[in-house]
Amino acid sequence: MAKKRKRRRGFGAALGRFLGFLAASVMCGVLAASLVVPAVAAAGFGVSSSIGFFEKLPEELTVQPPSQSTKVLTADGQPIATFYAENRVRIPLDQMSPYIKDAVIAIEDSRFYEHAGIDPQGIVRAVVSNLSKGDKQGASTITQQYVTNVINEARLSQDRPDEVILSGQKDVGDKLREMKLAIALEKKFSKEQILEGYLNIVFFNSDAYGVEAAARYFFSTTAKDLTLPQAALLAGLVNSPTFYNPALNPDKSIVRRDQVLGEMLRIDKITQAQHDEAVATPVELKINPERQGCANATMAPYFCDYISHLILNDPAYGPNEAERQRKLYRGGLTIVTTLDSRLQAAAQTQVDGTAGPNPDRWGAALVSVQPGTGKILAMAQNTVFLPEPGKFDTHLNFNVDAKDPQGNNLNGAGGFQTGSTMKPFTFAQWLNEGKPLTAEVDASRRVYPLGFPWKSTCGKVLGAYSTAQNNPELGAADDLQNAEEGFYRKMPINYGLYNSINTATFASATQLDFCGIQKMVDAVGLHNGLDGSPINMHQLGNLLGATNVAPLHMANAFATFANDGRFCTPVALVDVTDANGGKLPVPPVQCRDAVKPEVARGVNSVLQDVMKVGSGVWINPKVHDKVPVAAKTGTSNNNGATWVVGHTTGLATASFFGDALEGQKRAGQNVTINGTFYPRLDGFMIAGPQWANYMVNVAPLYPAAPFPGPPPSMIGPNPPKP
């Protein structure tokens, strides 16, 4: 809100205005004389004294580019969202229609090219009109108006809105300083530069700052393509953007437009025929309000929100959050992201089809990462970012952590219990310790009491699975359960993995160093999605996915297997440039060897069987017909979180379905989704088809080679039969 100043009332106020204008006109005349005829300046003491006073006024005026809109784009150039405090698109003068330049000059400052920043004739005219007719005419030239806009824009950019001074609030001192700065400005910049700056900064309405934004808003066109009547209407708005707004006051706007056209005719900028044709042209508005922020994103609102937090949390974009916010909302950045609009559209369609705005508020999410680059290619969920009646809405991003590694907010749900999608990492450590992928383990054992001799060279294993020790305070639990009967027996370890047998995973862990399992999980970037802490693999429940992990990081961990064991940190930014085209830093892709290539190949060989003969066989993905895929299903203890995470060599995707907003307190049992009743949810039931249907459509877009097989020594001689 503009700064409020106390004004004198009644006769005193009128006298003050008269004297103010008189003083301004005298000073203006004196200054003009000093500029045009230097000898006059020294002709008398009064003139010299006045000029001396004027010269003491401040001349400094730093003309910074005005606040501009920031664009967020996909990797393939599609718009995601716009951020702005003032909707403005800065363009050069040669990209503006000649009509808009001539129209603004005609109505605002017809002697623009004749004066040196201030117009003595205009001041005298305004004084006479104000005194004789009681009008409220101003006398500011385009240069003076530009000065005022530049000063006010600087105050707004510095979060000093209370210091903004509007035209009707200026006192004599303000006007004199404005004149001084206008003259100084004309010494530094050409008329074309001043006009370009003015047309880019001037206010047309709350949704349009500058002529390009105004052309888009009112006519859905560009400043370059404005017609004569359109340009005249916009030029008329400058004097009073609300009073002459054609959407609010169409009759007044037409009168004002025709006044502008009359002035253009008077100064010979248009012919009589052009004038008459323009006056006869009806106003045809095509209002196209720009929508700013992630709530109004054209796609991927949650990815947009993730991007905004990456910018606002990163000191590379400013020393403090206020400066980073200024850069995002006023800096005119162009932010190119990793998002692939094709994958994003497919992911959004899929999650909406999976659950949509279901009345029971079950969450569905998909996120894809490119192996070898860490690029986030898609990020979707079945909710709306902007609250709407009857819609399943939330600002929480189901796919990302609650906070970044520095503890800054990411607005994420913080992940979900991963269930059996954690099992491949214990299996990876099995292979890492040199054990064959077909070795037999005893999956009949269901009791692991407190004090069981687990191996750990770096810590103590916590928890138990034993009815005899069923004491929650001691971390004990019921006997270890499998999802189905018939699997409590000896079996090959690979068979236990692709059929997701809990007792097989525990049986393998009895032969492993838990410190190795810990290193494996840490190496692929898995961590607690709520607070960023490491997943304590010495806590037995974490062998079966008891800790919340964000889908993004599950997808990225599986991308490590897809990338022959090389881990890359997830990245969302490709390029950030400022309004002048200068490059700003983006976090680099950081890759490192995390898993031995032969271990990754061994894991991939078994995860391919998940979809062919294992726990995901009922998903029956046709994607197998196009590219080889490897995946793992997962379900939390109470069935409230279900997963399929899988990959080709070109694309890794995590699919989630479950209780996304209630902390997974709700059990996924005896529920109806899309008209289908489920006694209990399992990863292959909803998350599985969601993953498979999506991958069928998009996996071919990222060409994938067959997975390299594990070395023969890893397979082992004479593998036992299941």
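Let me start with one side chain. R326 is partly exposed, at 28% relative accessibility. Its salt-bridge partner is E323, with N and O 3.3 Å apart. E323 is partly exposed too, with a relative accessible area of 26%. Both residues belong to helix α14, which covers residues 321-330. They sit 3 residues apart there, so about one helical turn separates them.

A reminder before I go on. This is a predicted model.

Now the chain as a whole. We have 722 residues, and 54% of them count as buried. The chain has 23 helices and 20 strands. What share of the contacts with a separation of 6 or more comes from residues 24 or more positions apart? The figure is 70%.

Back to salt bridges. The search of the whole structure gives 16.

Take R216 and E212. Their side chains meet in a salt bridge at 3.0 Å, N to O. They lie in helix α9, residues 211-219. Now look at accessibility. Is E212 buried or exposed? E212 is buried, at 5% relative accessibility. R216 is partly exposed, at 34%. The cut-off for buried is under 20% relative accessible area, so E212 falls below it.

Next, D575 and K583. They form a salt bridge, and the closest N and O atoms are 2.8 Å apart. K583 is exposed, with a relative accessible area of 60%.

There is also a network. Which residues are linked in it? They are E86, R88, E153 and R330, joined by salt bridges. Keep an eye on R330 when you turn the model. Helix α14 runs over residues 321-330, and R330 belongs to the network.

On to helix packing. I have two pairs to show.

First pair: α16 and α20. Helix α16 spans residues 423-432, and helix α20 spans residues 551-562. Their axes come within 11 Å. They cross at roughly 30 degrees. Angles under 35 degrees count as roughly parallel, so that is the label for α16 and α20. The crossing is left-handed. Who makes the contact? From α16 we have P424, F425 and A428. From α20 we have M554, A557, F558 and F561. By class, that gives 7 nonpolar residues, no polar ones and no charged ones.

Helix α15 is residues 341-354, and helix α22 is residues 687-698. Their axes are 10 Å apart, at an angle of about 150 degrees. Over 145 degrees counts as roughly antiparallel, so α15 and α22 get that description. The hand here is right-handed. On α15, the contact residues are L343, A346, A347, Q350, V351 and T354. On α22, they are P689, Q690, N693, Y694 and V698. The class count is 7 nonpolar, 4 polar and no charged residues.

α16 and α20 are roughly parallel, while α15 and α22 are roughly antiparallel. The α16 contact with α20 has no polar residues. The α15 contact with α22 has 4. Neither has a charged residue.

To recap the salt bridges: 16 in total, with E86, R88, E153 and R330 linked in a network. That's my tour.

Terms used: Residues are numbered from 1 along each chain as its sequence is written. This is a predicted model: local features need pLDDT of at least 70, side-chain atom pairs count only at pLDDT 80 or more; totals for chains, interfaces and linings use all residues. Side-chain values use heavy atoms; hydrogens and water are left out. Axes are lines fitted to C-alpha atoms, for helices over the stretch in contact, and angles run from 0 to 180 degrees between N-to-C directions. Helices (H or I, at least four residues) and strands (E, at least two) are DSSP runs, numbered from the N terminus. Angles under 35 degrees count as roughly parallel, over 145 as roughly antiparallel, 65 to 115 as roughly perpendicular and the rest as oblique. A crossing is left-handed if the near helix is turned anticlockwise from the far one by less than a right angle, and right-handed if clockwise. Contact means heavy atoms within 4.5 Å. Ala, Val, Leu, Ile, Met, Phe, Trp, Tyr, Cys and Pro count as nonpolar, Asp, Glu, Lys and Arg as charged, and the others, Gly among them, as polar. A salt bridge is a side-chain nitrogen of Lys or Arg within 4 Å of a carboxyl oxygen of Asp or Glu. Buried means under 20% relative accessible area, exposed over 50%, partly exposed in between (1.4 Å probe, protein chains only).
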